[in-house]
Amino acid sequence: MYYTVKVQGHVRVDPKLFSLSIEKGIKASLQEKFEGFISKDFGIVIGVHSVDTVGEGVVISGDGAAYYDAKFSVISFKPEVGEVVLGKISDITDFGAFMTVGPIDGMIHVSQTMDDFVSFSKSNILTGKETKRNLKVGDLCRARIIAVSYKDMSNPKVGLTMRQHRLGALSWIEDDMKKEKKGKKE
């Protein structure tokens, strides 16, 4: 889920940014510091949205940079357990698939790709034995987040499942809906 988060803190503006307006210098400093920042509370910061208020600036002896107390907003992506997400399959391996979800890839274990026995082919395709459904790189899919880990802050992990109603490759969902609609007409 994407969020706009309001933050307050001291911002260091490097002297090389003094040619910009105070707000632009602060925003440039914040972008450099926060874009890509990862934390359990914020998730993954995508970028700085706005600088809302700026207090008095001070210059600290020996540093040369200006420090401002500022309130600002950042846009972040924070995956949450139970959330249904749309993404694109970015890689297929013998143990599962990786799906791009916002700014990161989530992992779908092979046992969570479909309600079927799944085999892996050398051409990087997962195939269901009975359903004959294929999952390949580039497929648009809908999945549910079942686990989020920030154990390694530089590389958060997201676990996904597609073994629930109306989840999986969008082509599968469309086929299921057509079958259900046809079944209701009979």
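Modeller: E1 and E4 run antiparallel and are joined by 12 bridges. Strands pair when DSSP finds at least two bridges between them. Within this pairing, Val11 stands opposite Tyr68 in E4. This is a predicted model: local features need pLDDT of at least 70, side-chain atom pairs count only at pLDDT 80 or more, and totals for chains, interfaces and linings use all residues. Residues are numbered from 1 along each chain as its sequence is written, and side-chain values use heavy atoms, with hydrogens and water left out.

E4 also pairs with strand E3 (residues 43–59), again antiparallel, over 11 bridges. Val59 stands opposite Ala66 in E4, and Ser50 stands opposite Ser73 in E4. Six residues lie between the strands in the hairpin of E3 and E4. There, Gly62 takes a positive phi near 90°.

Strands (E, at least two residues) and helices (H or I, at least four) are DSSP runs, numbered from the N terminus. In general, strands of a sheet pair through backbone hydrogen bonds, parallel or antiparallel.

Strand E2 includes Ser39. Its relative accessible area is 11%, so Ser39 is buried. Buried means under 20%, exposed over 50% and partly exposed in between, with a 1.4 Å probe and protein chains only. Setting aside neighbours within four places in sequence, Ser39 is in contact with Tyr150 and Met153. Contact means heavy atoms within 4.5 Å.

Next, the rings. Five aromatic pairs turn up in a search of the whole structure. One of them is Phe34 with Phe72: the ring centres are 5.6 Å apart and the planes meet at 45°, so this pair is tilted. Phe34 belongs to helix H1 (residues 22–34) and Phe72 to strand E4 (residues 66–77), so the pair ties together parts 38 residues apart in sequence. Both Phe34 and Phe72 are buried. Phe37 and Phe42 make another pair, with ring centres 6.2 Å apart and planes at 75°, so this one is edge-to-face. The rule covers rings of Phe, Tyr and Trp (its six-membered ring) with centres within 6.5 Å; planes under 30 degrees apart count as stacked, over 60 as edge-to-face and the rest as tilted. Phe37 is partly exposed, at 34% relative accessible area. Phe42 also counts as partly exposed, at 21%. Phe34, Phe37, Phe42 and Phe72 form one aromatic cluster.

The largest nonpolar core has 23 residues, and Ile89, Met99, Leu126, Leu135, Cys141, Leu160 and Met162 touch the most other members. At least two residues of this core come from each of strands E5 (84–93), E6 (96–101), E7 (104–109), E11 (140–149) and E12 (157–161). Apart from it lies another core, of 15 residues, with Val13, Phe34, Val45 and Phe72 among them. A nonpolar core is a set of buried Ala, Val, Leu, Ile, Met, Phe, Trp, Tyr and Cys residues joined through side-chain atoms within 4.5 Å.

E5 and E6 are antiparallel over five bridges, with two residues between them in a hairpin. Thr93 stands opposite Gly96 in E6. Six bridges then join E6 to E7, also antiparallel. In this pairing, Met99 stands opposite Gly106 in E7. The hairpin of E6 and E7 has two residues between the strands, and Gly102 takes a positive phi near 60° there.
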